[in-house]
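Hi everyone, thanks for making time this morning. I'd like to walk you through some side chains, and I'm happy to take questions at the end.

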Amino acid sequence: MAEANSKPGESLDKALPSGVEYDEAIMAQQDRIQQEIAETSQLIGDHEDLLLLSKEYSEEDNVYQGKIKDLRSKYKCFRRTRGDGNCFYRAFGFSYLERLLDDRKDLERFKEVAAKSKDMLVSLGFPAFTVEDFHDTFMEVVEKVEQQIPVEDLLATFRDQGLSDYLVVYLRLLTSGYLQQNEDFFVNFIESYASVKEFCGHEVEPMARESDHIHIIALTSSLDVGVRVEYMDRAGSEEVNHHDFPEGTEPKVFLLYRPGHYDILYK
Amino acid sequence: MANIAVARIKREFREVVKSEEAAKCNIRVELIDDNFTELRGEIAGPPETPYEGGKFLLEIKIPETYPFNPPKVKFMTKIWHPNISSVTGAICLDILKDQWAAAMTLRTVLLSLQALLSAAEPDDPQDAVVAKQYKENRHLWEKTARHWAQEYAEAPKSKKDDEFYDKVSQLAEMGFDRHKALTALSAHEWNMERATQDLIS
């Protein structure tokens with residue numbers, strides 16, 4: 001509550017010099033952190049040997065070293081993604097489109113699903129004009145994939161901050177759309193939010209908000225694309241556990257999960 | 001400024017201009033410079049609120065990372081509202097901060113601000129003094145907010161509002177700055193003595 005002697009116009013936080021708004025200070029700091037991350041890592045990296053991962057952990061760390069060994073027996077290499085809170089969407093988007101460069105049949109199917117998605121979003125009440133903007137950009141990239149552009153060009157698209165973020169936004173909208181369409185089911189899994197719509201407004205639609213199982217289930221179900229996530233955490237034995245989304249589907253995208261972050265794996 | 005941001009703002013600008021709300025003169029946007037980095041917004045005070053009949057000008061700055069980050073918006077017209085600083089015009093509204101999504105537009109922002117004028121959120125205040133008054137003496141808050149709208153936002157006046165004018169004028173005649181006098185009176189429940197003390201201290 002306000003102190004009896006506080007002046008009008010002041011926010012509650014007195015620790016900051018006058019004229020500096022608390023929220024603005026937080027936002028400025030977040031921008032600085034994002035900038036630092038951006039300077040040290042690409043949105044989507046080059047292929048790297050999985051052996052490089054083992055250098056990130058102590059040699060005596062038997063759990064992680066064991067898991068990396070297990071991972072190397074199953075996968076050839078990996079691409080890092082930038083840890084900016086959008087990594088799941090970006091990793092999924094790039095990895096799946098990269099795969100579609102060599103899978104015409106699935107591309108046809110995906111193009112149809114993606115084309116229809118715009119009307120679904122508009123019918124849910126998203127502003128038609130912005131949805132259209134993101135949808136058009138998304139479809140342009142899908143068409144480039146149809147023309148079988150070289151992987152380097154697809155990589156360049158995903159490394160272009162603005163364009164890449166446009167694709168992330170559209171995937172976030174699809175995730176939100178699927179959650180809202182299946183509200184009756186998902187309402188059982190959201191804690192601390194009154195409705196699925198509110199959850200989406202806080203945890204799905206804003207940029208940089210991280211993804212959890214519920215996001216992955218929604219996006220993979222919405223596009224009917226199987227994703228296998230290999231979990232590398234402290235849990236369990238010296239083998240990596242995996243989980244397929246949606247359950248029981250054949251995975252087309254392989255992601256490596258380390259607490260708070262997703263990278264792309266290659267067989 | 002990044003091409004994406006410019007292209008978006010150009011389209012949005014047209015969207016607001018030809019929108020239904022704009023036709024009814026409830027919301028407006030204007031360009032300030034040719035680079036589309038700064039705009040001037042205007043919203044009408046919603047009916048059945050102390051802001052009714054007032055026109056509120058907004059400063060809108062478009063960041064280079066728009067639409068992935070929200071526009072920076074503040075009130076240029078002075079206003080007495082729990083979620084808006086009566087000094088700086090800074091706004092406390094979730095979609096201008098961490099709940100902004102790239103699918104939102106300037107139109108969304110202007111309509112949300114209009115909604116904020118209709119329904120304040122005193123538990124998430126930007127201006128602690130106004131929020132306290134809003135919670136503890138709603139009637140006085142309403143009268144004060146209406147007075148500010150008349151003074152700064154061209155809201156229509158009526159006879160019954162004369163009392164506050166007289167008090168401000170009295171302090172102004174004593175040599176105090178009119179706006180400072182109004183602020184002091186607003187913060188001290190329109191008590192002349194306490195407002196004067198505040199102005200002297």
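Let me start with a working definition: a residue is called buried when its relative accessible area is under 20%. One more thing before we go on: this is a predicted model.

With that cut-off in hand, take A:Cys200. Its relative accessible area is 0%, so A:Cys200 counts as buried. A:Cys77 has a value of 11%, which is under 20%, so A:Cys77 is buried too.

Now, how many disulfides are there over all chains? Searching the whole structure gives zero. For a pair of cysteine sulfur atoms to count, they have to be within 2.5 Å. A:Cys77 is in no disulfide, and its nearest cysteine sulfur belongs to A:Cys87, 18 Å away. A:Cys200 is likewise in no disulfide; there the nearest cysteine sulfur is again that of A:Cys87, at 19 Å.

Let's move to the aromatic rings. Over all chains, the count comes to 25 aromatic pairs. One of them joins A:Tyr178 and A:Phe186. The ring centres are 6.1 Å apart and the planes meet at 70°, so this pair is edge-to-face, given that the label applies over 60 degrees. A:Phe186 has a relative accessibility of 3%, so that residue is buried.

B:Tyr134 and B:Trp141 are edge-to-face, with 4.6 Å from centre to centre and 80° between the planes. Are these two partners buried or exposed? B:Tyr134 is at 10% relative accessibility and therefore buried, and B:Trp141, at 6%, is buried as well.

Please stay on B:Tyr134 for a moment, as that ring has another neighbour. B:Arg138 lies over its face, 3.9 Å from the ring centre. Chain A has an example with a lysine: A:Lys267 lies over the face of A:Tyr75, at 4.9 Å from the ring centre.

Back in chain A, there is also an aromatic cluster to look for on your screens. Its members include A:Phe88, A:Tyr89, A:Phe92 and A:Tyr96, along with A:Phe110 and A:Phe138.

Last stop: an annotation on chain B. An unreviewed UniProt entry places the feature "domain: UBA" at residues 159-201. Over that stretch of chain B, the model is 72% helix and 0% strand.

Note on methods. Residues numbered from 1 in each chain as written. Chains lettered and ligands numbered in written order. Heavy atoms only, no water. Phe/Tyr/Trp six-rings, centres within 6.5 Å; stacked < 30°, edge-to-face > 60°. Buried < 20%, exposed > 50% of the residue type's maximum accessible area, 1.4 Å probe, protein only. Lys NZ or Arg CZ within 6 Å of the ring centre and 35° of its normal. UniProt positions renumbered as here; feature names shortened; annotations may be inferred. Helix = DSSP H or I, 4+ residues; strand = E, 2+ residues; numbered from the N terminus.
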